[in-house]
Amino acid sequence: MTSASNPNEGAGPVRGARGFSDVERSAVQRVIAERRDVRDGFLPDPVDDVVLTRILEAAHRAPSVGLTQPWDFLIIRDPARRDRIRGLADRQRAAYAASLTRPRAERFDHLKVEAIREAPVNIAVTCDRTRGGRNPLGRHSQPQTAAYSVACAVQNLWLAARAEGLGVGWVSFFDERELAAELGLPAHVEVVAYLCVGHVTEFPPAPQLALTGWARRRPLAWAVHDETYGRRRLPGEAPVDLIEQTVAAIEPLDEAAMRDARDHQARLTKPPGSLGVLEEVAVRLAGLARQSPPRLPEPAAVAIFAADHGVHAQGVTPWPQEVTAQMVANFLAGGAVVNAFASQVGAEVSVVDVGVAAELDPAPGLLPRKVAPGTADMTQGPAMTPDQVVRAAETGIEVARDLVSAGARCLITGDMGIANTTASAALIAAFTGLPPERVTGRGTGIDDETHAHKIDVVRAALTRHGLLPSDPAPQNAPAPSNGLATLDGPAALDVLAAVGGLEHAALAGFILGGAALRVPVILDGVIAGAAALAAAAMCPDVLGACVAGHRSAEPGHTAAVDHLGLRPLVDLELRLGEGTGALLALPLVQGAVRVMHEVATFDSAGVSGKKGVDSVTS
């Protein structure tokens, strides 16, 4: 701890202006740490005008580009006007709720998002982008900084209000022009923030959205980059290897929680073991969550990683490469099978462009994360460079982090990429040691001649990169390991770079990212199976988070799940991909956990346990 007389003591020689004392600095940090977006608990007590003026003065001291001070503060107390504004907010709230999946909408229905009527004072903070004349200093090349300056004023107001013991809630459920009309704003003035201000019963210990499970706060280490975006490093600390850090965060399933879950299963009003595989699913998810029963795995989020493949040039599929981009557009428009299945089970769908050859227009639900416009032809050389495979894997980790931070409690793998079953077959052969003919399927439904050619292409790629199994297994032998499945992370990345796809690398990172956050990951078909083999090669404990959603009709998928020791929950001869098979399994996974929460025990239900028989009969 530094002394009040020298607050920079211990930090080395310091020249220039001094900072605050310890007490002052602690007070500033406390105000920042305890600032809350308050929506509930407002008291009817009026806000003293002197206090209100102080917090407006603090807001007015905010920095602004060119000292333009483009803000104005409109104070609203009239109950009738606030009723009308509440009506505007209610309409937008309803529109937002209609855009949500069922689990999210149900949770949102119980979430208080504004206190327009309850707070004694409302303040609209506006922005005049024309203030300062034709060319204010600093705004010539950055005209949007006017609104950024107003955001600084809002933050100053918020912090000053907290220091006064006043709660502030930011309301964003508005059509901005409707609200501007209600407030009588000129056409050139826009609303940046609508704030509810007043005394509150208490300040919650954490943000409301975190307390309700709607979202999680991202750690600082996720958001700090050194010199170049993507080079992660906290000041004074060593650079962060995101893949290495994620792998290090993955731990085995919690044995105590699993024992508790099995004990709980034994006390439920059903014959022991009568739910078969679902009982073990619930037990494993308890071990993953480190608690019994585990949290319900909802809401769920599907991430469809889309990329193109250079091996398409070898004629392994009759489908043109343009179909990848066309299907991405179909996903975003809601017209694909994955959308129908996701709607049925209440899962959110995001599409991640990690390597589509075409340029995609921005669209809601599209995450633009392109590492490269597709891979190179793996029969002619490595499919990816070392940098590309690392960036793709990091993309998957970050997508998992973002979805979990946004409130997802179950992740579902999806994929799209013409020719990606060819790369999957090569990966599965490399990781399991099985020959190409055992793991190469018909993908989109190719004929015998194309299938034979596809097998030859997979063999050629494996041979080129020294990955062809040297001692093919007998046709009916169990899948052996050629040793790659126990290699360390860099070696697994080398295999991905040699014969994988950008979506395979991203999916491997996505699986690792979910496991590191102890969130279940439901795997789809052969593409996810190939990615899971790579993830397990980097960290075998990752499998504790994995649930095999289904068994694909692709032979390589059976080889992958058998090698991983996973039990598919659904077997319907599907081979569509997209995440469809995993989505069909989602209700089974959720049901397995719901049993733990909702089914009575013998004691609580007053039901007699078994006496010398193997089951309870009705």
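1. Glutamate 114 touches Arg39, Arg86, Asp90 and Val171, leaving aside residues up to four places away in sequence. This comes from a predicted model. Glutamate 114 sits in the loop between helix H4 (102–109) and strand E2 (121–128).

2. Glutamate 114 has a relative accessible area of 8%. The cut-off for buried is under 20%, so glutamate 114 counts as buried.

3. Helix H8 covers residues 242–249. Its buried residues are Leu242, Ile243, Thr246 and Val247. Viewed down the axis of H8, these fall within an arc of 130°, so they line one face of the helix. In general, an α-helix has 3.6 residues a turn, so residues three or four places apart point the same way. Glu244 and Ala248 lie on the other side of H8, and they are exposed.

4. The N-terminal end of H8 is capped by aspartate 241. One of the side-chain oxygens of aspartate 241 lies 3.1 Å from the backbone nitrogen of isoleucine 243. Ile243 is itself among the buried residues of H8.

5. Glycine 433 belongs to the loop between helix H14 (420–432) and helix H15 (436–439). Its relative accessibility is 6%, so glycine 433 counts as buried. Leucine 566 is 133 residues away from glycine 433 along the chain. The C-alpha atoms of glycine 433 and leucine 566 are 18 Å apart.

Note on methods:
Residues numbered from 1 in each chain as written. Predicted model: local features only at pLDDT ≥ 70, side-chain atom pairs only at ≥ 80, totals over all residues. Heavy atoms only, no water. Helix = DSSP H or I, 4+ residues; strand = E, 2+ residues; numbered from the N terminus. Buried < 20%, exposed > 50% of the residue type's maximum accessible area, 1.4 Å probe, protein only. Arc of directions from axis to C-beta. Polar contact = N/O pair within 3.5 Å; in protein donor to acceptor, adjacent residues only side chain to side chain. Contact = heavy atoms within 4.5 Å.
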